[in-house]
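This report concerns side-chain contacts and the solvent accessibility of the residues that form them.

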Amino acid sequence: GSWFPALPHPIHVVVLDAVALGSLEPEQCRTLVWKAQQLTAPEGVHALVSSDPSVAPEAFLTLYPDWQRLALPPRKRTGRQVGLGGLLLACPPFPAQEPETRQIRA
């Protein structure tokens, strides 16, 4: 069976929590991200956030080798943490290949 829910697509914004991704088995994590990437519109974005400041969303950047990291506006320094830390990634202009068959481009 499949644990990935049926979703209408294309999806324009996907938000993934690094804590949730980290709780999955590595193959489940790769599959979840890859399936979300396949459903994402060409102009879509993925936001990798963390509900725990000790878990870095950057740890999952290897799952996005063809995606472009977008600059975020600087966070205001108020002395307290407000909101989730994270990063924003733009979908590449071509569909991603399955992780096992990904070709390295020169």
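## Aromatic pair

In this predicted model, Trp67 has a relative accessibility of 9% and is therefore buried, a category that requires a value under 20%. Tyr64, at 3% relative accessibility, is likewise buried.

The structure contains 1 aromatic pair. The ring centres of Tyr64 and Trp67 lie 5.2 Å apart, and because their planes meet at 90°, the arrangement is edge-to-face; planes over 60 degrees apart fall into that class.

## Salt bridge within helix H2

There are 2 salt bridges in the structure. One of them joins Glu27 to Arg30, with 2.8 Å between the closest N and O atoms. Both residues belong to helix H2 (residues 26-39), where a spacing of 3 residues places Glu27 and Arg30 about one helical turn apart.

Glu27 has a relative accessible area of 40% and is thus partly exposed. Arg30 is also partly exposed, at 33%.

Glu58 is partly exposed, its relative accessible area being 36%. For Arg69 the relative accessibility is 45%, so Arg69 too counts as partly exposed.

Key. Residues are numbered from 1 along each chain as its sequence is written. This is a predicted model: local features need pLDDT of at least 70, side-chain atom pairs count only at pLDDT 80 or more; totals for chains, interfaces and linings use all residues. Side-chain values use heavy atoms; hydrogens and water are left out. Rings of Phe, Tyr and Trp (its six-membered ring) pair if their centres lie within 6.5 Å; planes under 30 degrees apart count as stacked, over 60 as edge-to-face and the rest as tilted. Buried means under 20% relative accessible area, exposed over 50%, partly exposed in between (1.4 Å probe, protein chains only). A salt bridge is a side-chain nitrogen of Lys or Arg within 4 Å of a carboxyl oxygen of Asp or Glu. Helices (H or I, at least four residues) and strands (E, at least two) are DSSP runs, numbered from the N terminus.
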